[in-house]
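Here are some notes to read beside the structure, written for someone who is meeting it for the first time.

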Amino acid sequence: MLSKRELEKNGLTNIKKIYHNLTYDELIACELNDNEAKMTTLGATTVDTGVFTGRSPKDKYFVRQEPSQDNIAWGDVNKSISKEIFNELFSAVKSQLSNKEIYVTDTFVGSSESSRRSIRFVAEKAWQSHFVKNMFIRPKDEELKGFQPDFTVYNACGTSNFKWKEHGLNSSVFVVFNIEENIAIIGGTEYGGEMKKGIFSMMNYWLPLENKLPMHCSSNIGKAGDTALFFGLSGTGKTTLSTDPNRRLIGDDEHGWDEEGIFNFEGGCYAKVIDLDPESEPDIYNAIKKSALLENVVIDETGNVDFADKSKTENTRVSYPIYHIDNHEPTMRGGHPKNIIFLTADAFGVLPPVSKLTDEQAMYYFLSGYTAKVAGTERGVTEPTATFSACFGEAFLPLHPTSYAKLLGEKIKEHGVNVYLVNTGWTGGSYGVGTRMSIKDTRACINAILDGSIVGAEFETMDIFNLQIPKAINGVDSKILKPVNTWDSKQAYIDKVENLANMFVKNFERYEDSGDEFDFSKAGPQPKSKK
């Protein structure tokens, strides 16, 4: 059991009580007794995260110091903070966590014993301990004996930085990582996702330095032991498509690839529940039971959840341990992948539902990380907007994107992995004219990849993008496979292809100074008239 003295050595004082590694029953009792949470009729508790119902990416900082400062790609994603300001904020955090009861939870990140890290979370709210118990890997009793953290997160959500203007920061919220001291501090926001994605960011720092690849992807494994990875930004179907009754789920969001194969970073899932329907997403719905923790949903006086109510936020969520998914892989590991699938929701309606990529194209589309936002998803978005996020997770990459791309390229070649681009977006025209690709057709394309039947297909080359499109897929109308055939106006299609191709070219210009090793521009689209 963790002693007060051990925490007081780190600067916390007059701790009233330490709730260390509580069981789910104990955490739920604390949440309810302290009015942090309410019970729902589904058996899960629900909490409100206050003003912040999502991450605050503009308030994330790394302490600029040697030697880590030479590894970090500084810029809009990775902003720096001085050691002096960190020390000042850490003092405020320690003051906030002193003179009260606190919750401490010890976890692992990474199901591979050779690659995992030991993470300790110190928080002032029981539900935050509940959240990390769900989301990270729960050590066995014998592993908790003598547990020594490699990294500690101090979550002092009740304090804020009122000197933020003087410090030259973005707001009173702060999420700061001190790599040399193996500490992260959080203040000004209660949102649980800051802890989840904060540790993901740290794994994205640590692993590449060990020649291991961290990935923002879901993963599953077939009955024959074949592993598949699904990369994709929000709204592309990453979670939905990796949940397959014929394949065991390894994980739905964050993984690593080391010498032994694929391993889940987490011990749970963090799913969106807005408009959740038990018929279309039964696995997620059925996972919402005792031990699950809902965030920012609307309930009535009897505890019934209204999943359609967006009055608090559209980013309603649930966290639950992965064993709430019946068809999960107990080890949370798999061998080296046989197939990698890049998911994109192309709202311009020009990319084929499935295409096979060369190794060079795989590097290009990995570095591009493309999808498209549609009207209504964000304020001010009135027509389809291209979104590029390097490696399908740029917001969480402390190193330059090419560091991750290099590792991916090496592993694809070493293990002979097949890579595909799957468009879950629009067909027959852009958003507003065409229709969304049916889940039935997308599933058929995915199944053809996973059962290997696509390998024997006859392919043709798509103009400008030079993508290899299969002429036939079992269960899919062959007309849909070639996008130009689905448009009423061929000229409108050609114009839209040129338009999207130029967006890719413009985005990829950011890699022009990365050296010949990453000159994959020829593997991307080649518009006939550059704009």
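1. Contact here means heavy atoms within 4.5 Å, and helices (H or I, at least four residues) and strands (E, at least two) are DSSP runs, numbered from the N terminus. With contact taken in that sense, Y24, L27, I28, C30 and E31 of α2 meet A126, W127, S129, H130, K133 and N134 of α4. By class, this contact of α2 with α4 has six nonpolar, three polar and two charged residues, where Ala, Val, Leu, Ile, Met, Phe, Trp, Tyr, Cys and Pro count as nonpolar, Asp, Glu, Lys and Arg as charged, and the others, Gly among them, as polar.

2. The model is a predicted one, in which local features need pLDDT of at least 70 and side-chain atom pairs count only at pLDDT 80 or more, while totals for chains, interfaces and linings use all residues. Residues are numbered from 1 along each chain as its sequence is written, and side-chain values use heavy atoms, with hydrogens and water left out.

3. Helix α2 (residues 24-33) and helix α4 (residues 126-135) pack with their axes 8 Å apart, at an angle of about 150°; axes are lines fitted to C-alpha atoms, for helices over the stretch in contact, and angles run from 0 to 180 degrees between N-to-C directions. The two helices are therefore roughly antiparallel, since angles under 35 degrees count as roughly parallel, over 145 as roughly antiparallel, 65 to 115 as roughly perpendicular and the rest as oblique.

4. On another side of the account, α4 packs with helix α7 (residues 193-206) at an angle of about 40°, their axes being 9 Å apart, which makes α4 oblique to α7. Q128, F131, V132 and M135 of α4 form this contact with G193, M195 and K196 of α7, and its residues divide into four nonpolar, two polar and one charged.

5. Five strands form an open sheet with mixed pairing, in the order β2-β3-β17-β20-β16; two strands pair if DSSP finds at least two bridges between them. At the edges stand β2 (38-39) and β16 (268-272), each with a single partner strand, so one side of each is left without a neighbour in the sheet. Helix α4 packs on the sheet, touching β3, β16, β17 and β20 (317-321), and its direction makes about 115° with that of β17.

6. Within that sheet, strand β3 (residues 45-47) and strand β17 (residues 293-295) run parallel and are joined by three bridges, with L294 in β17 as the bridge partner of T46.
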